[in-house]
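User: I have a structure to go through and some quick questions about it. Can you take them as they come?

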Amino acid sequence: MKKWMVLCLLLVSGMGMVVSSQTDRSGLKASMTRGKQVYDRYCLTCHQADGGGVPRMNPPIANTEYVLGSKQRLIGIVLNGLNVPLEINGEEYENPMASHAFLKDQQIADVLTYIRNSFGNKASAVTVAEVKSVRAKNK
Amino acid sequence: MKLSFLLFSTLAAFGVASAQSPAVSIKVPAGFAVASVAKDFGRVRHIAVNSNGDVYMKLEKLNKGKGIYRLRDTNKDGIMDDTLAFGNYIGTGIAIKNGYLYASSNTDVYRYKLDQQQNPVNPDQPETIVTGLVDKRQHASKSIALDNAGNIYVNIGAPSNACQEQDRKQGSPGMNPCPILETAGGIWQFRADQLNQSYKEGIRYATGIRNCVGLDWNNEVNELFITVHGRDMLYQFYPEMYDQKKGAELPSETMYMVKKGDDCGWPYVHWDHFQNKKILNPEYGGDGKKTGAEKAIDPLVGFPGHMAPNALLFYTGNQFPEKYKHGAFIAFHGSWNRAPENQEGFYVVFVPMKNGKPTGKWEVFADGFSGVDKVTNLSAVKHRPCGLAQGPDGSLYVSDDNKGYVWKINYNK
């Protein structure tokens with residue numbers, strides 16, 4: 001009887017885990033789809049379709065610490081833009097990036113989730129709450 | 001055996017290519033032949049060839065701590081066997097005139113006296129000719145050209161796309177008048193033999209020039225000619241006025257003859273080679289049709305957008321067929337702002353000219369530098385033409401700032 005209950009509990013919680021990870025995955029997929037639309041509209045020209053950037057001018061977003069590392073810093077770059085000398089993977093880039101604070105929290109979360117999981121990148125998703133928090137501290 | 005190994009290792013270490021090993025296939029018109037003379041020097045911007053055949057390369061990223069490399073063929077067998085490296089600064093401009101080598105950083109212009117053997121007398125201590133020019137990273141490279149009256153012309157690119165209050169921010173209005181034009185966005189003239197000149201000693205020779213990377217003195221008409229990079233983001237910021245295709249083709253990249261006091265119209269207008277008009281920029285109230293800056297001069301040629309004309313050279317040699325004499329070669333670095341359309345450029349163009357005016361349509365002269373059929377991403381591009389120079393034998397040299405190659409183009413009939 002007890003054994004049966006434990007088994008049943010395990011089964012139910014296991015099913016729950018499957019359901020929740022499926023929700024995560026479909027949530028990620030939806031965020032990626034929306035994120036690609038934001039990327040294509042606002043980011044692709046400078047950072048290029050493959051995230052490889054433009055030599056000397058616009059930095060790559062594939063395989064760089066600035067994209068794969070701190071989410072706070074990455075969200076900050078989108079909100080504030082970037083125009084300081086910065087070495088990325090051994091190269092410097094001269095074009096300024098304008099502030100993209102006009103994007104909604106959801107759009108920023110989506111596009112950052114997209115770039116952190118595209119072009120060979122693999123990193124955790126960025127949530128709306130994380131964007132909200134950085135934007136609040138930014139003011 | 002030992003000697004040949006030594007020679008080989010020296011060549012390999014300095015990346016001097018043997019004359020018959022181009023890495024990509026460069027296509028040139030019938031009768032011409034291409035050989036690479038240098039490879040893997042990194043960001044080789046402009047180049048200059050001396051009367052004895054020495055090739056000078058200005059680097060935008062230090063290579064083993066040096067920013068200028070000179071290649072020499074000591075035994076005249078067609079292979080550059082001697083390398084001299086000096087200059088601890090990065091930059092773009094390099095030129096030779098009246099026994100001096102001139103080179104620029106992103107803020108200064110220096111010169112080196114050349115001795116009887118054509119060696120720099122004091123390669124570690126050049127004279128500073130010009131200093132303190134604007135360098136705000138964007139469009140910071142300083143191209144140079146010299147006339148026959150003792151003047152040097154320096155491009156000071158505008159650190160901006162369209163002089164908006166907030167650069168490259170969608171919806172930010174253009175500043176009127178544009179304050180950037182006081183110290184940038186033009187060509188400045190200095191004396192070629194005076195030390196430590198800056199804005200106070202120089203003359204703003206021509207203005208309204210967003211970023212001219214190619215400039216050359218035309219000795220046939222004794223005037224300065226420039227090639228200019230047009231603005232970015234017409235489609236990206238104003239899709240209601242410029243669709244994806246139009247935004248890729250516009251604005252034109254341009255070639256001008258500029259005289260003292262000329263204004264080329266930036267940031268108020270851009271050239272549109274379909275309408276043949278100076279079109280008011282949207283940041284200044286333009287709608288894609290309204291014209292503006294009526295006092296600004298018109299270009300001599302409008303090329304398709306964003307191809308980045310990085311070098312201009314008037315051909316004065318006797319080696320190439322007659323049609324090339326006095327004409328202009330232009331090295332197009334290749335675009336990025338055409339995305340999501342395919343990119344364009346990555347070739348050397350020829351404009352037939354006489355008396356400083358085009359006499360026919362421009363044509364692609366040397367192509368294939370990108371190494372790919374269609375450029376969809378800049379990361380796939382192998383080489384980007386950046387500098388041009390004419391050898392004493394009338395050959396044409398082309399440099400590449402992606403991998404640091406230099407090619408020599410000869411006419412063999």
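**Strands, helices and core**

Analyst: Strand β16 (residues 253-258) of chain B runs antiparallel to β20(B), and three bridges join the two. Strands here are DSSP E runs of at least two residues, helices are H or I runs of at least four, and both are numbered from the N terminus. This is a predicted model, in which local features need pLDDT of at least 70 and side-chain atom pairs count only at pLDDT 80 or more, while totals for chains, interfaces and linings use all residues. Residues are numbered from 1 along each chain as its sequence is written, and chains are lettered from A and ligands numbered from 1 in the order in which they are written.

User: What is the bridge partner of M255(B) in β20(B)?

Analyst: V301(B) is the partner.

User: And what is the strand order in the open sheet of four strands?

Analyst: The order is β14-β15-β16-β20 (chain B), with antiparallel pairing; two strands pair if DSSP finds at least two bridges between them. β14 (212-218) and β20 (301-303) of chain B are the edge strands, each pairing on one side only. From one strand to the next, the twist averages 20°.

User: Switching to chain A. At what angle do α5(A) and α6(A) pack?

Analyst: About 115°, with the axes 8 Å apart. Axes are lines fitted to C-alpha atoms, for helices over the stretch in contact, and angles run from 0 to 180 degrees between N-to-C directions.

User: Which residues meet there, α5(A) against α6(A)?

Analyst: D105(A), Q106(A), I108(A) and A109(A) in α5(A) meet V128(A), V131(A), K132(A) and R135(A) in α6(A). Contact means C-beta atoms, placed from the backbone, within 7 Å.

User: How do the axes of α4 and α6 of chain A cross?

Analyst: Helix α4 (residues 71-80) and helix α6 (residues 128-138) of chain A have axes that come within 10 Å and cross at roughly 65°. Residues of α4(A) in this contact include I75(A) and L79(A), and those of α6(A) include V131(A) and V134(A).

User: Now the largest nonpolar core. Which residues touch the most other members?

Analyst: I47(B), V154(B), I187(B) and I226(B), out of 123 residues. A nonpolar core is a set of buried Ala, Val, Leu, Ile, Met, Phe, Trp, Tyr and Cys residues joined through C-beta atoms within 7 Å; buried means 20 or more other C-beta atoms within 10 Å of the residue's own. Helix α5 (residues 105-116) of chain A gives the largest share of this core, six residues.

User: How many residues of chain A are in contact with chain B?

Analyst: 15 residues of chain A, against 17 residues of chain B.

Definitions and conventions:
Two residues are in contact if their C-beta atoms, placed from the backbone, lie within 7 Å. A residue is buried if 20 or more other C-beta atoms lie within 10 Å of its own, exposed if 12 or fewer, and partly exposed in between; C-beta atoms are placed from the backbone.
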